[in-house]
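This report describes selected salt bridges and part of a strand arrangement. Please look at the sequence and the model before reading on.

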Amino acid sequence: MTDRLSELTAAGVAVWLDDLSRVRLSSGGLDQLRREKHVAGVTTNPTIFAKALSDADEYNWQLRDLATRGVEVEESVRMLTTYDVRWACDVMRPSYDGSDGVDGRVSIEVDPRVAHNSDRTVAEAKALWWLVDRPNLYIKIPATEEGLSAITDTLAEGISVNVTLIFGLDRYSAVMEAFLAGLEQAKANGHDLSKIGSVASFFVSRVDSEVDKRLEKVGSDQAKALKGKAAIANAQLAYERYSEVFSSDRWKALAAAGAHPQRPLWASTSTKNPDYRDVIYVEELIAPGTVNTMPESVIHAYADHGETRGDTITGAYDAARKVFADLESVGVDMDDVIVTLEREGVEKFEASWQELLDGVRKSLEAAAKGTGAPNKAAKGNAKNAEKAGGA
């Protein structure tokens with residue numbers, strides 16, 4: 001029987017799970033995916049946690065204690081989410097040890113409401129780092145303009161970082177610059193570079209969703225023929241930039257000091273358009289040194305019918321540039337697409353964070369009254385978690 005996920009891993013793509021919940025941890029489901037489906041890492045985001053905490057039964061014992069102690073809502077959320085992430089780090093520790101610290105990572109995101117405040121982002125990153133207290137943790141920091149300096153400053157503290165919400169090529173280049181600067185400062189600060197990890201989460205399917213909407217509005221046959229092509233082309237050109245940066249003399253000096261490269265991580269890889277192949281954002285983005293974080297449904301879909309055709313990126317740069325030129329010729333402004341997606345990405349995670357806070361607040365109130373009522377606010381809003389998802 002063909003082990004398609006093993007073939008994908010052998011092609012250089014680390015398979016990560018874009019989901020986490022207390023049920024998944026307590027049932028052993030995460031460990032089973034690690035052992036049987038080659039899952040080598042976990043990403044979370046505020047939407048995922050809003051969904052997870054909607055199942056109040058799994059959290060009731062903690063909620064009762066938190067309510068009895070009078071712990072504030074925001075601190076309660078931190079305690080609950082870091083508990084789950086710490087547990088997941090322990091589950092994934094064999095992958096971390098077996099890969100010399102490259103894989104086996106679990107991500108937790110800073111409060112998205114501080115995405116435009118560098119100092120608060122760094123302070124929260126440091127707090128999460130010592131709260132979870134596991135070497136295979138990643139702190140997720142959004143790639144806003146203000147987040148760039150926070151990325152550098154966090155890495156300089158010896159803290160591993162997952163840079164999230166990257167949509168455009170120029171911002172991706174700035175993220176890699178922030179990474180290199182952070183490692184250089186970490187080295188100057190006396191940190192062991194071999195212990196610091198990083199990935200750059202480049203979002204995929206959301207690009208097609210936005211571009212396809214604009215192509216439909218244009219309405220011409222030429223425009224409609226470009227549907228479903230922008231996201232893959234965008235990611236392929238991102239990998240081209242990655243290859244250039246991580247073959248530079250500047251990078252080689254850091255590598256000689258023990259540093260690991262900041263791998264591109266393909267995020268938001270479930271297809272939003274049912275007309276597209278359900279594993280297209282995996283099959284068309286295969287190249288050495290990459291990560292693909294997927295909802296469990298996509299992992300199982302690839303295991304069932306995914307096709308690993310070798311490197312599907314490095315030979316496609318010219319074709320990808322043509323896609324961009326064709327998009328411009330029909331009037332799609334990719335710069336505006338990227339600005340829109342970044343703004344909406346932060347807004348969506350802020351909204352999910354508020355849903356999470358509201359849901360936990362209701363659960364704490366119920367626990368304080370002894371009713372143990374489920375977190376209905378989070379449950380009602382969490383049905384779109386996979387649809388909204390992304391590392």
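Glu210, Lys213, Arg214 and Asp336 are joined by salt bridges into a network in this predicted model. Within that group, glutamate 210 and lysine 213 form a salt bridge through their side chains, with an N to O distance of 3.2 Å. Both belong to helix H10 (residues 205-218); because they are three residues apart there, about one helical turn separates them. Glutamate 210 counts as buried, at 7% relative accessibility.

Side chains of opposite charge can pair when their charged atoms come close. Searching the whole structure gives 28 salt bridges. The table lists some of them.

| Salt bridge | N to O distance |
|---|---|
| arginine 93 – aspartate 97 | 3.0 Å |
| aspartate 111 – arginine 113 | 2.6 Å |
| glutamate 210 – lysine 213 | 3.2 Å |

Arginine 93 and aspartate 97 lie in helix H6 (residues 73-98), and about one helical turn lies between them because they are four residues apart. Arginine 93 is partly exposed, with a relative accessible area of 30%. Aspartate 97 is also partly exposed, at 46% relative accessibility.

Arginine 113, at 35%, counts as partly exposed.

The rest of this report concerns strand S4 and its neighbours. Strand S4 covers residues 137-142, and six of its six residues are buried. On one side are Leu137, Ile139 and Ile141, and on the other Tyr138, Lys140 and Pro142; all are buried, so that both faces of S4 are covered.

Which strands pair with S4? One is strand S3 (residues 105-109), which pairs with S4 in the parallel sense over four bridges. In this pairing, glutamate 109 is opposite lysine 140 of S4. Strand S5 (residues 161-166) also pairs with S4 in the parallel sense, over four bridges. Here isoleucine 141 is opposite valine 163 of S5.

Key: Residues numbered from 1 in each chain as written. Predicted model: local features only at pLDDT ≥ 70, side-chain atom pairs only at ≥ 80, totals over all residues. Heavy atoms only, no water. Buried < 20%, exposed > 50% of the residue type's maximum accessible area, 1.4 Å probe, protein only. Helix = DSSP H or I, 4+ residues; strand = E, 2+ residues; numbered from the N terminus. Pairing = 2+ DSSP bridges. Salt bridge = Lys/Arg side-chain N within 4 Å of Asp/Glu carboxyl O.
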